[in-house]
Amino acid sequence: MLRINHDKFLIALAKSGMTTTELKIKSGVGRNTISKVINEDTLIRPALIGKLAKALNVDVEQIVDIK
């Protein structure tokens, strides 16, 4: 599992101008998963992170913590 960086995710969401509902529709990621990301419960599957990054039009590396 990868860990989404909460702050980076929120910045990408803000830059996109999308609401969380729009992100849900565009990414195909469920509302509960998006809520977990927003509420910093951030361990989710890589495929879902990829979908979120694609919907936000950013590289995965821009929204995850890489160590």
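Helices (H or I, at least four residues) and strands (E, at least two) are DSSP runs, numbered from the N terminus. On that basis, the protein has four helices and two strands, arranged from the N terminus on as β-α-α-α-β-α. This is a predicted model, in which local features need pLDDT of at least 70 and side-chain atom pairs count only at pLDDT 80 or more, while totals for chains, interfaces and linings use all residues. Residues are numbered from 1 along each chain as its sequence is written, and side-chain values use heavy atoms, with hydrogens and water left out.

**Overall dimensions and surface**

- The C-alpha trace spans about 30 × 20 × 20 Å along its principal axes.
- Of the 67 residues, 36% count as buried, where buried means under 20% relative accessible area, exposed over 50%, and partly exposed in between (1.4 Å probe, protein chains only).
- The protein exposes about 4400 Å², and carbon and sulfur atoms supply 50% of this area; accessible areas come from the Shrake-Rupley method with a 1.4 Å probe, and for residues only the protein chains shown count as cover.
- Among contacts (heavy atoms within 4.5 Å) between residues at least 6 apart in sequence, 63% join residues at least 24 apart.
- The mean positions of the 11 positive and 7 negative charges are 7 Å apart. Lys and Arg count as positive and Asp and Glu as negative, without His and the chain ends; each charge is placed at NZ of Lys, CZ of Arg, CG of Asp or CD of Glu.

**Nonpolar core**

- The largest nonpolar core has 19 residues, and those with the most contacts inside it are Ile4, Phe9, Leu23, Ile44, Leu52, Leu56 and Ile63.
- Helix H1 (6-16), H3 and helix H4 (46-56) each supply at least two residues of this core, with the largest share, six residues, coming from H4.
- A nonpolar core is a set of buried Ala, Val, Leu, Ile, Met, Phe, Trp, Tyr and Cys residues joined through side-chain atoms within 4.5 Å.
- In soluble globular proteins, nonpolar side chains tend to be buried together.

**Buried helix residues**

- Ala12 is located in helix H1 and counts as buried, at 7% relative accessibility.
- Leaving aside neighbours within four places in sequence, Ala12 is in contact with Leu56, Val58 and Ile63.
- The C-alpha atoms of Ala12 and Gln62 are separated by 8.2 Å, although these residues are 50 residues apart along the chain.
- Thr33 lies in helix H3 and, at 17% relative accessibility, also counts as buried.
- Not counting residues up to four places away in sequence, Thr33 touches Ile44 and Leu48.

**Exposed residues outside the helices and strands**

- Glu40 is found in the loop between helix H3 (31-38) and strand S2 (43-44), and is exposed because its relative accessible area is 53%.
- Between the C-alpha atoms of Glu40 and Asn5, which are 35 residues apart along the chain, the separation is 8.2 Å.
- Asn57 belongs to the segment after H4 and is exposed, with a relative accessible area of 70%.
- Although Asn57 is not a glycine, it has a positive phi of about 60 degrees.
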